[in-house]
Structures are given as C-alpha cells and as structure tokens.
Amino acid sequence: MALVTPLSADHDPETRELAEFFNETLGFCPNSVLTMQRRPAISKAFINLNKAVMANEGRVTSALKRMIAWVSSNATGCRYCQAHAIRAAERYGAEQEQLDNIWEYKTHAAFSDAERAALDFSLAASMVPNAVNETIKEELYKYWNEGEIVEMLGVISLFGYLNRWNDSMGTMVEEGAIQSGEKYLGKHGWEKGKHV
C-alpha cells in the first residue's frame, strides 16, 4: 500500500505537459511523478533532471542508460524501479538477448567489455558503502571518456533518488511495468513486492 496517494495526471498542468516525456520512455506517466506533484516544484524539477540525465550526448546509448538504471535498482532492491528500467531498456532498443540475460551481464556474451565496465560501475556506485575503487576507474577509462562517465553517474544518481523515493513510498507499480518485470525479471524472482 502506497505511503502517499498519487494525484490525477491533470492535477498540475505544467507537470502534465513535462510528463509527456514518460509516454515515450514508458508508455505512461509514472505514479512516482503523480505523487511528487503534491509539491509541483519537486515533480517539475525531477522531470527536467530526468530529461537532462537521459539525453544522449556521447556513446552511452539510451538502452545502456536504462540497463545502468536496472543494475542500480537491482543493487538497492527497488522492484518498482527494476520494472521501470527494464521496460525502458526494452522500449529504447536493448537487444533481446541482453534483456533476457541482464542478471548475467558479467559473463554473458551479449554484453561487451565496455558495457560490463559501465554496469560494474553502476553496481559499485549503488552499494552502501560505495564500492567505486581504482579497479572500477581503470576499467571505465579503457572504454569511456570523462563526459560519458558523468552521464553514467547521472543515471546512477537519478536512480538512487528514485529507488529511495519509490521504496519508501511503496509506489504502486503500473500494469505496463508489471508486464515487463514479469517478462524479463520474473524468472529470477522479480515480483511487485510492496508496490501493489
């Protein structure tokens, strides 16, 4: 059960207009945003940050950004964000083999060494205490430039906020996200948990 009830998508016209971004990424406006709009300055700032973080300015693809988000959300245990991230990865063109084997990214042939470095960075940066170390840095610098590393950490940090928000709120997961979660993550035990 949600800690705070989401408001109607029509509650704040400016949030509604900005939230059209999510119709592309997810196919719906997330309940997290509908809850944030109880304080519209938060919902608007969040949407603008999300748009900036997810913009493509280098070789970090939209699909990889969403897989980075999934690894971060998996590390923190937020089932709501796991389902959203895998759905967005699917919608942004992640390869079917990667979606089916995201749990095995460290060893599965569907992932390149560059992708593994990015996903290892996501895992290390999402842990408490933080586990980013010299080895993680060395692997990142083999494949990615500093701007791209900033993009990746932007995604990890954005999902750090979302993981805390949605797990604390017990945000109700939407039907489309449930379908993606069950399709790609269910074989490894994904379920809605408290997000009902």
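Me: Before we get to pairs, what counts as a salt bridge here?
Reply: A side-chain nitrogen of Lys or Arg within 4 Å of a carboxyl oxygen of Asp or Glu. Keep in mind that this is a predicted model.

Me: OK, how far apart are the closest N and O atoms of glutamate 139 and lysine 142?
Reply: They are 2.6 Å apart, and the pair forms a salt bridge.

Me: Where do those two sit?
Reply: Both are in helix α9 (residues 134-143). They are three residues apart, so about one helical turn separates them.

Me: Lysine 142, buried or exposed?
Reply: Lysine 142 counts as exposed, because its relative accessibility is 55% and the cut-off for exposed is over 50%. Glutamate 139, at 29%, is partly exposed.

Me: How many salt bridges does the structure hold?
Reply: Eight. One of them joins lysine 44 and glutamate 14, with the closest N and O atoms 3.5 Å apart. Lysine 44 is in helix α4 (residues 40-54) and glutamate 14 in helix α1 (residues 13-18), so this pair ties together parts that lie 30 residues apart in sequence.

Me: What does glutamate 148 form a salt bridge with?
Reply: Arginine 59, and the closest N and O atoms are 2.8 Å apart. This pair links distant parts of the chain, 89 residues apart: glutamate 148 belongs to helix α10, while arginine 59 is in the loop between α4 and α5 (62-76).

Me: And is glutamate 148 buried or exposed?
Reply: Buried, because its relative accessibility is 2%.

Me: Switching to the core. How many residues are in the largest nonpolar one?
Reply: It has 60 residues, and Ile68 and Trp144 have the most contacts inside it. Helix α10 (residues 146-169) supplies the largest share, nine residues.

Me: What is tryptophan 144 in contact with, leaving aside neighbours within four places in sequence?
Reply: Arg59, Val60, Leu64, Ala114, Glu115, Ala117, Ala118, Ile149 and Met152. Arg59 in that list is also the salt-bridge partner of glutamate 148.

Me: Now helix packing. At what angle do α6 and α11 pack?
Reply: About 85°, with the axes 8 Å apart. Helix α6 covers residues 79-91 and helix α11 residues 175-185. With that angle, α6 is roughly perpendicular to α11.

Me: Which residues meet there?
Reply: From α6, Gln82, Ala83, His84, Ile86, Arg87 and Glu90. From α11, Gly176, Ala177, Ser180, Gly181, Lys183, Tyr184 and Leu185.

Me: How do the residues of that contact divide by type?
Reply: Five are nonpolar, five polar and three charged.

Key: Residues numbered from 1 in each chain as written. Predicted model: local features only at pLDDT ≥ 70, side-chain atom pairs only at ≥ 80, totals over all residues. Heavy atoms only, no water. Core = buried A, V, L, I, M, F, W, Y, C linked by side-chain atoms within 4.5 Å. Buried < 20%, exposed > 50% of the residue type's maximum accessible area, 1.4 Å probe, protein only. Helix = DSSP H or I, 4+ residues; strand = E, 2+ residues; numbered from the N terminus. Contact = heavy atoms within 4.5 Å. Axes fitted to C-alpha atoms, helices over the stretch in contact; angles between N-to-C directions. Parallel < 35°, antiparallel > 145°, perpendicular 65-115°, else oblique. Nonpolar A, V, L, I, M, F, W, Y, C, P; charged D, E, K, R; others polar.
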